[in-house]
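I opened the model and went through it feature by feature. My notes follow.

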Amino acid sequence: MSRASFRVLGYAGALAALSLGGCNSPVNNQQGHMPAQPVAFSHAVHAGQYELDCQYCHVGAESSRHAGVPSTSVCLNCHSQVKKDSPEVQKVIAAVAAKASIEWVRVHRLPDHAYFNHASHVTAGVACQTCHGKVEEMVRVEQVEPMTMGWCLDCHRKTLAQEQTAPLPSTPRKGELLALTSGSPLPEPSKTPRILRPPSDCSSCHR
């Protein structure tokens, strides 16, 4: 057998090994990923027990592609008075004093070739728990859903088939800000329900 034939067989064997061993789970599926964080922040306490709105901390969720991580000073809106002596709160206070950011470890990560916009989902009435699981019960945040392309497409197709309606966006309507500043009459609110039509074509998420 020639050297070239051995080389081909070697490549084929390597591919077979990868398919049987190294690639036996979906690509980019980090389901169950639950990293330790530099500060032991409990969503179960803040979002669950005290029912803080998600957007109090993740302020970009309704208006931006990214939900965002709160600046360290946001924590001190409460913790300048509450549990100031806690070792975990002391880490936050020290970071603010040093004008340093806390290096949170990212839990949910989509591949760079996938486009996702938080605002379009939040303003359509999609609950945070739909993608992130019952965060209000998590002491440490974990990736619950697979967040694969198939998983997203299943949700889009189901929503489209059911012709679900969405709440009207809370952002100002066209002409509303101008009316508020000029004293003009406010525009009439739309009475037409928004019908959700999530796309399933490639270019919507792969731009």
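**Core**

I began with isoleucine 102, which, beyond its neighbours within four places in sequence, is in contact (heavy atoms within 4.5 Å) with Pro38, Val39, Thr72, Val92 and Ala95. This is a predicted model, where local features need pLDDT of at least 70, side-chain atom pairs count only at pLDDT 80 or more, and totals for chains, interfaces and linings use all residues. Residues are numbered from 1 along each chain as its sequence is written, and side-chain values use heavy atoms, with hydrogens and water left out.

Next I looked up the largest nonpolar core. I found five residues in it: Val39, Leu76, Val92, Ala95 and Ile102. Such a core is a set of buried Ala, Val, Leu, Ile, Met, Phe, Trp, Tyr and Cys residues joined through side-chain atoms within 4.5 Å. Buried means under 20% relative accessible area, exposed over 50%, partly exposed in between (1.4 Å probe, protein chains only).

**Chain**

I read 10 helices and two strands. These are DSSP runs, numbered from the N terminus: helices are H or I with at least four residues, strands E with at least two. From the N terminus the order is α-α-α-α-α-α-α-α-β-α-β-α. Of the 207 residues, 19% are buried. Among contacts with a separation of 6 or more, 69% join residues 24 or more positions apart. The chain exposes about 14700 Å², and carbon and sulfur atoms supply 59% of that. Areas come from the Shrake-Rupley method with a 1.4 Å probe; for residues, only the protein chains shown count as cover.

**Histidine 79**

Where does histidine 79 lie? I placed it in helix H4 (residues 72-79). Histidine 79 is buried at 18% relative accessible area. Leaving aside its neighbours within four places in sequence, histidine 79 touches His46, Lys84 and Val89.

**Surface patch**

I noted a nonpolar surface patch of Val45, Tyr50, Leu52 and Tyr56, with about 360 Å² of accessible area together. Tyrosine 50 sits in the loop between helix H2 (43-49) and helix H3 (54-57). Tyrosine 50 is exposed, at 56%. Patch members have over 30% relative accessible area and no salt bridge; like charges are joined within 9 Å, nonpolar side chains (Val, Leu, Ile, Met, Phe, Trp, Tyr) within 5 Å. A salt bridge puts a side-chain nitrogen of Lys or Arg within 4 Å of a carboxyl oxygen of Asp or Glu.

**Cysteines**

I counted zero disulfides. Cysteine 131 is in none, and its nearest cysteine sulfur, in cysteine 155, is 6.8 Å away. A disulfide needs two cysteine sulfur atoms within 2.5 Å. Cysteine 131 is buried at 16%. Cysteine 152 is partly exposed, at 32%.
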